[in-house]
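Subject: Structure for you to look at

Hi,

Here is the structure I promised to pass on. Have a look at it on screen while you read the rest of this email.

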Amino acid sequence: MSLFSDKKDKVFHFFEEISKIPRGSFHEEQISNYLVEFAKDRDLAYIQDEYFNVIIFKEASKGYENAPTVILQGHMDMVWEKEPDSPHNFEKDPIELVLDGDFLKANKTTLGADNGIALAMILSILDSDDIAHPPLEAVMTVQEETGLLGATNLDASLLRGRYFINIDSEEEGELLISCAGGIRTKLHLPLEWTMIEDDYSVCKVDFYNFKGGHSGGEIDKGRANAILLLGRFLHKLNSTFPFEIFEISGGAKMNAIPRSASATIAVDTKNVEKLKELCEEWKNLYRNEYTNIEDDFKMEVSVTENRETKFVLCQKSKTSLLQLMMILPNSIQSMSFIIDGLVESSLNLGVLVTTDEYAIFEHSVRSSLTSRKEHIVSQLKVLADLFHAKFTSEGDYPAWPPAVESKLRNLFAQTYKEVFQKEMKTSAIHAGVECGIFQEKLNGLDMVSFGPTMYDVHTPSERLSISSTERTYRLLLEVLKKINKPL
């Protein structure tokens, strides 16, 4: 039974439908095929490329035949994050939607409103027979959350529209006109192992329940990076009493601030209580450092069964790992001197894993300035060289600079004021949207980005305002209605 049977438009109907389909980054084939079947069922022309990007074309409604073509754009993929106690299997289970007053949430997982609500709005328009609109090209891309790879690989020569509406912003009443560029990096620190022979206790050190969040949108909130806090703690522990490392890991996605991190270590049995005391001491230290920011985080030490393996990091690898965790740059690197309060450059250590060969550190780097982005990447390369590590990067995408003049921007502002009797704000964000890529691909593109209010995206606390979604969709329909002739 639908949660939204009382809604007259179909936006939430389609959101429910796509929430049943696994659509994490690199797992978009099913949702892509769903979009293709949607188009076939309605006799709409479509293109599905080898990457599973989908473009659906809809002819103008009556009276709009001479209007300019408009591109509506969103991305299919969502970030897969869940609470530690959630049994949810993202690869096969539907997202369990939960109504909480005006908010739509998920049961202990990310909701996927980023960017499923864009797909839902676009499908609702494509499905309709009574919405006035110009010719439409609906562009739905893959792998946005992993470096905007779908947009990067899309053949934009298939598009003739030069008015571009991206529906991937997260605050109602704000029109996004600029965003940061970014790149993903990986640093592979070589590891060597040795056999541990002495009697010891195996202990699990768990840091979890930090707020996390979007590494662009929430990077200015001062939230803790669980990986780096664990690194500080282990570095201090190393100077307190001996211990060995079996494994260490943290985070889930490059572009999400890590909510958890853990290490499995060996300590002398007589030091187990000291380890627990030190953990409690540092919990209080971190609680003081993150007053009014991180309220409910957990730091725990538990004794586990002896591991099958007796291999631990050799002293050299252990030292290198802990040193690197202490000095890796993270968070805000520079603020804009043009737009007050805008983060200009940052990086986020989103993932750390240990394998038989490497400790792998994964960063998401962002900047409004290409030169600043390149400088941060150079710093990471220098650190890699100092630690004899391998460095790689991928998913480099451009920033979207603000346009001096924009007819589409003016139309949105005018329509918003007419509909809601107040001014629409314009803004720039530190997160990345696909506009910069399309602007490079399509000469003369006039573009904006907007969307409904949502909070805590990329975390299990993600929630979407229902009333805001309804107003945002209304605004989109009013704008399309006004594009009945060249702007």
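Below is what turned up, starting with how to read it.

This is a predicted model, in which local features need pLDDT of at least 70 and side-chain atom pairs count only at pLDDT 80 or more, while totals for chains, interfaces and linings use all residues. Residues are numbered from 1 along each chain as its sequence is written, and side-chain values use heavy atoms, with hydrogens and water left out.

**Helix pairs**

Two packed helices are described by the angle between their axes and the distance between the axes. Helices (H or I, at least four residues) and strands (E, at least two) are DSSP runs, numbered from the N terminus. Axes are lines fitted to C-alpha atoms, for helices over the stretch in contact, and angles run from 0 to 180 degrees between N-to-C directions.

Let's begin with helix H5 (residues 226-238), which has two partners to look at here. Its axis and that of helix H7 (residues 315-327) come within 8 Å, crossing at roughly 130°. The crossing of H5 and H7 is left-handed (the near helix is turned anticlockwise from the far one by less than a right angle; clockwise would be right-handed). On the H5 side, the contact (heavy atoms within 4.5 Å) is made by Ile227, Leu228, Gly231, Arg232, Leu234, His235 and Asn238, and on the H7 side by Lys318, Leu322, Met325 and Met326. Those residues split into six nonpolar, three polar and two charged. For these classes, Ala, Val, Leu, Ile, Met, Phe, Trp, Tyr, Cys and Pro count as nonpolar, Asp, Glu, Lys and Arg as charged, and the others, Gly among them, as polar.

The other partner of H5 is helix H6 (residues 272-289), packed at an angle of about 135° with the axes 11 Å apart. H5 and H6 are therefore oblique to each other, and their crossing is right-handed. Leu229, Arg232, Phe233, Lys236 and Leu237 of H5 meet Leu275, Leu278, Cys279, Trp282, Leu285, Tyr286 and Glu289 of H6. By class, that contact of H5 with H6 has nine nonpolar, no polar and three charged residues.

Next, find helix H3 (residues 113-127) and helix H11 (residues 466-482), whose axes are 11 Å apart at an angle of about 45°. That makes H3 oblique to H11. H3 passes H11 in a right-handed crossing.

**Two backbone details**

Glutamine 143 has a positive phi, near 55°, though it is not a glycine; look for it in the loop between strand S6 (136-141) and helix H4 (149-153).

**The largest pocket**

A pocket, on a 1 Å grid over the protein atoms alone, is an open set of points where a 1.4 Å probe fits, with protein on both sides within 12 Å along at least five of seven lines; lining residues have an atom within 4 Å of a point. The largest pocket is lined by 34 residues, with Glu170, Glu171, Gly217, Lys221 and Ile429 nearest its centre. By class, the lining has 11 nonpolar, 10 polar and 13 charged residues. Strand S22 (425-429) is one of the strands that supply at least two residues, and S22 gives the most, with three.

Happy exploring!

Methods:
Angles under 35 degrees count as roughly parallel, over 145 as roughly antiparallel, 65 to 115 as roughly perpendicular and the rest as oblique.
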